[in-house]
Amino acid sequence: MGERLKMVALIGASALIGSLSTYTLLKLLSRRVDEKGSSPQTARFDDKQSILEADQNGCVTHRMESKGAPDILQDEIVSEQLTRNIQFFGLDCQRKVTESFVVVIGLGGVGSHAASMLLRSGVGRLLLVDFDQVSLSSLNRHAVATREDVGMPKALCLKKHFSSIFPECQVDAQVILYDASSEEKILSGNPDFVLDCIDNIDTKVALLAACVRRGLKVLSATGAGARADPTRIRVADLRESTNDPLSRTVRQRLKRDHGIEGGIPVVFSLEKPKVKLLPFKGLNGEEENPSDYQVVPGFRVRIIPVLGSVPAIFGQIMASYVVTKLAGLQIENEPIVNFDVEHYQALHQRLIEHEELVYGTASEVQVDVEEVRYVVKELWHGRSAKDGSFNGVGRAMWRSVNELMLVRWDSTKPASVSNLILLKFDEVDEHESMTLDDIKEKEPEFFQRVSNVLKRANLDFYL
């Protein structure tokens with residue numbers, strides 16, 4: 001009987017909270033209507049002009065042009081809708097998000113989820129770009145499309161749904177293919193971030209090269225199809241992405257055609273594809289040449305099997321990465337370090353032996369194997385503290401552990417998580433022959449970089 005009373009009380013409390021929330025929202029809407037003298041929907045759009053355009057190539061553009069740039073966080077409904085974000089970032093940092101302009105190119109499984117969460121996070125202006133239409137088979141992974149949207153351009157589909165989620169956002173929808181002729185139209189306007197959610201290699205390479213050339217911040221998604229394990233999804237520099245045929249080809253093309261070797265963050269999966277590209281069958285059911293059916297030259301016709309949850313997670317990760325960057329929140333992405341437990345055990349043992357050799361005792365070694373893992377992976381990314389390059393990924397990094405060791409940064413302090421650096425064997429003697437003052441004078445940039453890294457250890461371990 002007591003349990004039943006508790007349940008009734010909980011249900012009653014939930015109903016009361018729900019009623020209060022509804023009442024508060026209705027009061028806010030009523031107040032806005034009274035102030036504006038119009039309906040709530042009209043009030044949200046009365047400072048914007050809706051424009052539907054078709055250029056000479058037949059590319060449709062649907063956009064909302066704002067007559068001013070008010071602080072939308074001053075609006076009570078907007079501030080309530082974004083209250084959890086404001087509590088997370090703080091008002092000033094959330095304002096940076098709402099004042100931002102983000103371009104999303106490619107609005108399929110990855111791009112639609114990225115764009116949707118950017119909208120829900122309060123990004124003030126979005127440019128959505130895709131030449132393709134919603135298909136029935138894409139509903140297993142699209143963020144907002146319904147059966148009624150099948151056949152509608154993806155950009156306009158998102159635009160339609162977004163207007164009922166966060167109508168204060170200025171959404172431009174362009175039904176257009178990204179290429180050299182549309183680059184200026186899409187990338188002009190000084191966007192704060194560009195999201196590359198394209199799955200065509202030629203177009204992806206061209207977009208990334210253009211962003212680098214223009215000095216635009218860009219985040220790229222690699223292959224999300226044929227994967228199933230969300231725990232293997234990572235964000236890293238393009239140079240560090242492994243097990244992904246798409247990113248491998250993009251790396252090679254960017255280096256060969258544009259001289260770009262890295263510096264582009266990507267979302268990718270460490271998981272090897274679970275299934276292969278399906279053979280293309282024509283209307284008669286027999287295998288045919290896919291290129292004979294291409295609507296756009298160079299674009300894939302054969303099908304990659306997709307588990308819808310994985311591209312959705314890719315998109316959510318992209319949105320989280322961009323929003324935190326826009327807000328100015330410092331996030332340390334997990335480094336891609338291909339070491340296993342035995343490697344960390346070897347580095348720990350190597351540290352103990354070196355301490356005994358140099359200091360006559362290992363009593364001041366204040367780290368265990370798990371803390372060695374943190375120092376090596378999280379602080380130094382599996383590379384010498386003097387090595388700022390991304391040479392040696394995958395198997396090359398796995399082999400590099402044979403020439404690395406941990407040593408004290410400051411010889412007068414114990415070997416703790418906040419006083420250990422990773423160096424190559426041939427760098428250790430020179431380091432230990434110098435004082436910190438010597439390093440600061442001769443290598444000021446190196447000194448500052450190491451000092452900043454070790455400060456992070458102090459914060460992480462509350463030292």
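A nonpolar core is here a set of buried Ala, Val, Leu, Ile, Met, Phe, Trp, Tyr and Cys residues joined through side-chain atoms within 4.5 Å, where buried means under 20% relative accessible area (1.4 Å probe, protein chains only). The model is predicted, so that local features need pLDDT of at least 70 and side-chain atom pairs count only at pLDDT 80 or more, whereas totals for chains, interfaces and linings use all residues. Residues are numbered from 1 along each chain as its sequence is written, and side-chain values use heavy atoms, with hydrogens and water left out.

**View 1. The largest nonpolar core.** This core has 49 residues, and Val102, Leu118 and Phe162 have the most contacts inside it. Helix H11 (residues 309-327) gives the most to this core, contributing nine residues; helices are DSSP runs of H or I with at least four residues, and strands are runs of E with at least two, numbered from the N terminus.

**View 2. The surroundings of valine 102.** Neighbours within four places in sequence aside, valine 102 is in contact (heavy atoms within 4.5 Å) with Leu118, Val123, Arg125, Leu126, Leu127, Phe193, Leu195, Val322 and Leu326. A second, separate core of 36 residues includes Tyr344, Leu404, Phe446 and Val453.

View 3. Five of the five residues of strand S9 (residues 265-269) are buried, so the strand is largely enclosed by the rest of the structure. Pro265, Val267 and Ser269 cover one side, and Val266 and Phe268 the other. Strands pair if DSSP finds at least two bridges between them: S7 (residues 218-221) pairs with S9 in the parallel sense over two bridges, and S8 (residues 233-237) pairs with S9 in the antiparallel sense over five bridges. Alanine 221 stands opposite valine 267 in S9, while alanine 236 stands opposite valine 266.

Terms used
Buried means under 20% relative accessible area, exposed over 50%, partly exposed in between (1.4 Å probe, protein chains only).
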